[in-house]
Each structure stands twice: as structure tokens, then as C-alpha cells.
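Take a look at the protein below. Then follow the text through it, one part at a time.

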Amino acid sequence: MDQKISTDIQGLDEILQGGLIPDQSYLVKGGPGTGKSTLGYHFLQEGLGQGEQVLYISLGEPKPNILNNAKKLNIDLSGANFLDLSPTGDPTNNTLNYDVFPTSEVEHKPIVQSIIDAFKEHQPTRVVLDSITILSFLNKDPFQFRNFGLSFINYVCNNGATLMIISESADEVQTDPTFWVDGIINVSYAPEWRKIKVTKYRGTDFMHGTHSFRITGEGVKVFPRLHPDNYKHHFTDEILSSGIDEIDQLLGGGIEKGTTTLVTGPSGVGKTNLGLQFFKEAASRNHRSAIYTFEESKELISKRSENINIPIQNMLKNGNLKICPVEPLSYSPDEFAQMVRQDVENNDTRMVMIDSIGGYGLAVREENKLERLHSLVVYLQNMGVTTFLINESQSVTGDFVPTNMNASYLADNIIFLRYLELDGELQKSIGVLKKRLSDFEKTIRKFTISSDGISVGEPFHGLRGLLTGLPESAN
């Protein structure tokens with residue numbers, strides 16, 4: 001198979017497993033405003049960057065509008081060749097004007113001749129037709145339209161060019177062009193995120209499923225859906241200490257590298273601080289950690305940590321820690337996963353904290369939010385990254401519920417923090433509910449946070465009902 005050519009969009013090339021096969025035809029379809037033409041702009045810009053001749057056949061917008069729209073996206077098409085067949089096209093500039101044709105019929109011969117003349121003049125290797133939908137509206141004979149479409153595709157591809165055809169959604173086209181082409185890229189604009197999906201690609205495999213993308217001042221950015229099994233990293237097994245002997249004792253020595261630990265408890269009990277204690281110990285070994293916080297600002301985490309003897313400013317300054325606040329609804333799950341993945345792969349990040357699961361669920365805003373979180377966690381495990389998931393339980397006391405999203409199965413380890421009412425005083429406790437790879441201590445210990453840091457006391461004895469938060473004497 002020939003070497004693939006780039007679309008000029010890194011994430012889309014990844015979905016296409018390297019790009020497009022040359023000399024084949026591809027259909028980009030979707031509703032109005034979904035970014036179809038912008039993909040065509042990128043496709044041609046990449047060709048110009050490689051020193052190729054490219055051709056834009058416009059049936060809707062005139063050349064000046066296209067150049068201006070592309071420029072707003074920082075895409076330069078000034079070197080492209082244009083065949084302007086738009087209704088406002090200049091008929092004296094070797095182009096056609098629909099005003100001279102009946103609206104019920106397109107005179108194919110002049111159009112075909114214009115395309116042939118443009119090919120002979122420019123000999124392009126990349127061609128964009130924007131859009132075939134207009135031809136279908138003007139041609140009331142589906143058989144004639146199909147013959148024209150197939151002839152056009154064959155002519156372009158047989159003359160050494162790769163063709164990208166822009167089309168509205170299939171239900172708006174009389175004869176579905178999806179059967180004519182070698183590949184299909186669907187784009188849509190859902191209430192949550194822009195979405196892109198490849199549904200057909202002859203001659204090669206591709207990344208299946210729906211992926212998200214943005215249109216920014218730099219054009220299109222595609223974020224491929226995370227398939228964790230595609231990523232593996234060999235790492236040496238290691239037991240990681242918290243730096244506090246009593247916590248390590250609860251955990252049977254510490255937590256295993258590359259595992260996922262769920263830290264659960266009510267608001268204010270110290271879940272994030274406990275995770276930061278592990279990060280502090282990792283920094284002492286010059287290992288890098290990252291916190292993705294959906295609920296607190298970087299400044300608040302920094303101030304609170306310094307107050308409990310965690311030198312977070314030094315950790316940040318030395319590059320041993322990254323704090324990344326994530327605004328709700330500002331990222332798609334694919335974009336967030338890519339942000340985490342790039343940090344892990346580019347910066348050798350060894351520990352990751354997602355604070356919290358509830359915040360992540362709010363930011364994702366999709367029915368399959370747990371599935372997306374699962375993919376991210378498995379990816380981190382495969383890469384040998386030790387992960388902390390922070391979960392806020394709803395009740396301060398009462399029935400013990402590990403998570404509110406049924407996410408317990410994601411965790412290799414579950415550490416719970418609870419409030420206790422003892423002798424009219426509110427105290428904190430810590431225990432381990434689950435540890436997949438080793439045994440652990442079954443007791444519940446006193447948990448304290450002060451200006452000196454985190455401390456863990458001896459196990460509570462002579463009490464029952466500790467998990468309810470309202471213990472009573474066992475005697």
C-alpha cells in the first residue's frame with residue numbers, strides 16, 4: 001500500500017492510522033456549521049506545505065470568502081488553485097455561473113469541461129469539492145447525478161489526485177454518495193462537544209468510535225478517543241511509601257506502583273491532603289506528580305498544603321508537581337484524556353490525582369462517563385502510573401457507601417476517611433477497605449491533620465459501629 005498522506009490534523013491522522021491513502025476519494029459529511037469545509041482547508045494547506053499543486057472546486061462560496069474564512073483559522077490557502085463555480089463566480093474567469101442554467105437541471109458538459117481544463121492547467125495532487133450537495137439539489141435525475149458523481153471521482157483519482165468531497169447529511173441528498181467513495185468522515189455538533197467519526201475506510205483499518213474535536217483560532221484540533229490497550233510501558237514493580245509509618249502499616253507496607261487507589265470520605269475530612277502526602281514522598285525521590293482538580297483552585301490547594309507541612313511551592317518550583325485546575329464543561333472526555341496522556345508521556349509523570357470523581361462526572365456530561373474514566377484509569381495502569389481517585393461521599397455519618405458513581409471496581413485499593421462522634425467531639429478516622437495485591441490491616445485508626453502535617457494514631461479499641469460515624473462501646 002502507498003504511504004499515507006497527512007490531513008494536516010494530527011488527531012485525525014491518528015484516527016486514520018497515519019492519514020489518507022493517496023489517489024482515493026473521501027466524503028466529509030455533516031450538518032451546517034459542523035466544520036466540514038474546515039477539514040478541506042487543512043487538507044489543502046498540508047499539500048501546499050509539501051510543495052504540491054492543490055485545487056479547490058467551489059460550488060457554494062466564492063474564492064474571496066473561502067480565503068477569508070481560512071485566514072480566520074490561521075490557515076493559508078493563498079497558494080491554492082480555485083475553480084469558482086459559485087453563483088457569484090465570474091463567468092469571464094474560465095468559470096461557470098448558475099444564473100445561465102435552469103435550476104432544475106445542471107448542464108454537466110460545461111462543468112466537466114471546466115474541471116478537465118483546471119486539471120490540465122494545474123495538475124493537482126489534492127482536490128476539494130465543496131459541495132456535492134449543491135449538485136444534487138440542482139439535478140432532479142438521481143441516475144444522471146450518480147453517473148456524474150462516479151465519473152468525476154474516477155477522473156480525479158485516476159489522474160493522480162486525492163479527492164475530498166464535502167456533503168451535507170445523507171438524508172438531505174437525493175442519491176447517497178457514501179457508496180461511491182473510499183472513505184467517510186462524519187462530523188456533528190452535539191450539545192456537549194463537536195464530534196467526528198470515521199465510518200468507512202477501504203484498504204486499511206482505523207480507530208473506531210466517536211471522537212471529539214474543537215475549532216479554534218488555529219483550525220481543527222481532534223482528540224482521539226482513548227483506547228488504553230494501545231499503550232503499554234514496561235515498569236519495575238515497586239512498593240511506594242506514604243512517608244508515614246502508620247499509613248504504610250494499614251496498607252500492608254504501602255501501595256504498589258501502577259495501581260489505582262480510591263480515597264473516599266465526606267467533605268473536609270482530608271482526602272486530597274492524604275493524596276498529597278504520597279506526592280510529597282514521591283517528590284523526595286525526585287519523581288513527578290500531577291493533580292487534576294475539578295473543584296479547587298491551584299492557589300487554594302497550595303495555601304492549604306503549606307499550612308500542613310507539605311512543601312508544595314518547592315515541589316512546583318522543582319518540577320516535581322503540576323496542579324491543573326479543570327473548569328466544568330470546558331473539556332470533552334477525549335480532550336481531558338489527551339491532556340493527561342501528553343503529560344505522562346512527555347514529562348515522565350509517575351503519579352496522577354483526579355480530584356474528584358464527581359467533578360470529573362460533571363465535566364464529562366455524558367451517559368458513559370464511568371466508561372471514559374475506566375479507559376483513562378486502565379491507560380494509566382498500563383503506563384505504570386500510580387493513580388489516586390478522590391471521591392466525596394454525601395453523608396458525614398450514617399450508612400457507609402464507598403462511592404457515589406459505583407466506581408469501586410476501578411480501584412485496586414480503597415482508603416476511607418470518616419468522621420466519628422466520640423464523647424461529643426468530632427474526630428477523624430482512617431481505614432483500608434480493599435487492597436487487591438496484598439493483605440492489609442483491618443483496623444480503623446485515628447486520623448489527624450495539623451500544622452505539623454498528617455498523623456495517624458493507634459487503632460480504636462473497644463468500640464463498634466465505627467463505619468456509621470456513631471460508634472458505641474462494644475462492652
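**A walk through the fold**

Start with the contacts between residues separated by 6 or more positions: in this protein, 69% of them join residues 24 or more positions apart. Keep in mind that the model is predicted. The protein has 475 residues, and 55% of them count as buried. It is built with 13 helices and 22 strands.

Look at one pair more closely. Strand β19 covers residues 444–450 and pairs with β20. The sense is antiparallel, and the pairing runs over 5 bridges. Here Ser-450 stands opposite Gly-453 in β20.

Next, turn to a pair of helices. Helix α11 spans residues 333–347, and helix α13 spans residues 369–382. Their axes come within 11 Å and cross at roughly 10°. An angle under 35 degrees counts as roughly parallel. α11 and α13 are therefore roughly parallel to each other. Which residues of α11 and α13 meet? From α11 come Pro-333, Asp-334, Phe-336, Ala-337, Val-340, Arg-341, Val-344 and Glu-345. From α13 come Arg-372, Leu-376, Tyr-379 and Leu-380. By class, this contact has 8 nonpolar and 4 charged residues, with no polar ones.

Thr-7 is in the segment before α1 (10–15). Is Thr-7 buried or exposed? Its relative accessibility is 1%, so Thr-7 counts as buried. Leave aside its neighbours within four places in sequence, and Thr-7 is in contact with Leu-12, Asp-13, Leu-16, Leu-20, His-42, Phe-43 and Glu-46. Take Phe-43 from that list. Thr-7 and Phe-43 are 36 residues apart in sequence, but their C-alpha atoms are 4.7 Å apart in space. The side chain of Thr-7 also takes part in polar pairings. A polar contact of 2.8 Å joins it to the side chain of Asp-13. A polar atom of the Thr-7 side chain also lies 3.3 Å from the backbone nitrogen of Ile-9.

End at Asn-74. This residue sits in the loop between α3 (63–72) and β3 (81–84). Which residues is Asn-74 in contact with, leaving aside its neighbours within four places in sequence? They are Gln-45, Gly-217 and Glu-218. Asn-74 and Gly-217 are 143 residues apart in sequence, yet 6.4 Å apart in space, C-alpha to C-alpha. With Glu-218, the contact of Asn-74 is a polar one between side chains, at 2.8 Å.

Definitions and conventions. Residues numbered from 1 in each chain as written. Predicted model: local features only at pLDDT ≥ 70, side-chain atom pairs only at ≥ 80, totals over all residues. Heavy atoms only, no water. Axes fitted to C-alpha atoms, helices over the stretch in contact; angles between N-to-C directions. Helix = DSSP H or I, 4+ residues; strand = E, 2+ residues; numbered from the N terminus. Parallel < 35°, antiparallel > 145°, perpendicular 65-115°, else oblique. Contact = heavy atoms within 4.5 Å. Nonpolar A, V, L, I, M, F, W, Y, C, P; charged D, E, K, R; others polar. Pairing = 2+ DSSP bridges. Polar contact = N/O pair within 3.5 Å; in protein donor to acceptor, adjacent residues only side chain to side chain. Buried < 20%, exposed > 50% of the residue type's maximum accessible area, 1.4 Å probe, protein only.
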